[in-house]
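I opened my notebook to look up a few things in a protein and its ligand. Come and read along with me.

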Amino acid sequence: MPEAVHVASGKVREIFELDSERLLLVASDRISTFDVVLPTDIPDKGRVLTGLSGFWFARTREIVPNHLLALREDGRSTEARRLSMLPIECVVRGYLAGSGWKDYSATGEVCGHRLPEALRESDRLPEPIFTPATKAQTGHDENIDRERAAELVGGELLAEVERISLELYRAASEFAAERGILIADTKFELGLDAEGTLTLGDEALTPDSSRFWPADTYEPGRPQPSFDKQYVRDYCESLGWDKTPPGPELPPEVVEGTRARYVEAFERLTDLTFDDYLAEPEAVLS
Ligand SMILES: Nc1ncnc2c1ncn2[C@@H]1O[C@H](COP(=O)(O)OP(=O)(O)OP(=O)(O)O)[C@@H](O)[C@H]1O
Ligand SMILES: [Mg+2]
């Protein structure tokens, strides 16, 4: 890629600079489970994430402007406006899972939201809640309350970030539920563009940035199977792996089963076939 300079590697994306205003985000096929990147790739996973993000960016422009400029022919590269990212992760939860469930079990609260008593694991919340987290440079992100988040980004901006995050979650979770997918929670990354306009960046509403649960087997009172990574998690647990690096290699049937679930999520949500996407990635934008 002679026109682009590599500037950073995330767990999943390689980031290149196209010019002073534009980045190229290239989503790899790397998969992480229990926060460890595994040595085996899931073919096309990066394309699914890129296509789904593009799909949502095109459908949420009325709620908030986003960084998307173009999708490239390879289906995994997004040309994006470079943003100055806010130092918080904008998490919205509609159901009680993961660290939300853990915090609630210990304190009855999540990020300063007092919740009704006697909720069960995976219960639907009375209302979606905004539960920001810090962006940890190393280790796990840490849930924070509104006061701490306001210190990090400013109170006025935080109120706008919360309103936008909740609106995005509401719109997307309703849309997905009609297609058999519950979005239990999701994380947005927002930033400011050159003019100082609050803008949605990164990936959005993908299985990597969200908990997607199959609606037909939803049953509160226990953890839910994840739509996409369950094969990988079950396989890793069956090995008795201690969840520290290095992670195990995945056998072909686990790779294929996982790929099929990512593709299924894409097809259910977009109403396109994945082959349509491969032939013309920008089909998700119309
Ligand atoms: N428009 C944008 N402008 C600037 N930075 C962006 C933009 N969109 C996304 N990013 C940043 O690019 C990176 C995406 O890479 P990736 O998703 O692989 O990272 P990650 O594994 O989630 O997190 P980390 O970067 O901590 O490893 C993130 O750090 C994200 O904040
Ligand atoms: Mg990321």
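Below are my entries, starting with the ground rules.

**Ground rules.** I am working with a predicted model, where local features need pLDDT of at least 70, side-chain atom pairs count only at pLDDT 80 or more, and totals for chains, interfaces and linings use all residues. Residues are numbered from 1 along each chain as its sequence is written, chains are lettered from A and ligands numbered from 1 in the order in which they are written, and side-chain values use heavy atoms, with hydrogens and water left out.

**Overall build.** I found seven helices and 16 strands in the protein; helices are DSSP runs of H or I with at least four residues, strands are runs of E with at least two, and both are numbered from the N terminus. The radius of gyration is 18 Å, close to the 19 Å from the globule rule for 286 residues, so the protein is as compact as a globular protein of that length. That radius is taken over C-alpha atoms, and the rule is 2.2 Å times the number of residues to the power 0.38. I also noted that the C-alpha trace spans about 55 × 50 × 35 Å along its principal axes.

Next I looked up an open sheet of five strands, which run in the order 1-2-3-7-6 with antiparallel pairing. Two strands pair if DSSP finds at least two bridges between them. Strand 1 (5-9) and strand 6 (68-71) are the edges, each pairing on one side only. Strand 1 joins strand 2 through four antiparallel bridges, and Ala8 has Ile15 of strand 2 as its bridge partner.

I then checked polar contacts to the ligand, meaning pairs of N or O atoms within 3.5 Å. A ligand oxygen is 2.6 Å from a polar backbone atom of Arg13. A ligand nitrogen is 2.9 Å from a polar backbone atom of Arg81, and a ligand nitrogen is 3.0 Å from one of Asp202.

Most residues other than glycine have a negative phi, and most peptide bonds are trans. Asp202, though not a glycine, has a positive phi of about 55 degrees; I found this residue in the loop between strand 15 (198-201) and strand 16 (210-214). Pro245 and Pro246 are joined by a cis peptide bond, with omega about 0 degrees. Pro246 is in the loop between helix 5 (230-238) and helix 6 (252-270).

Key:
A polar contact is a pair of N or O atoms within 3.5 Å; within protein, one must be able to donate a hydrogen and the other to accept it, and residues adjacent in sequence count only if both atoms are side-chain atoms.
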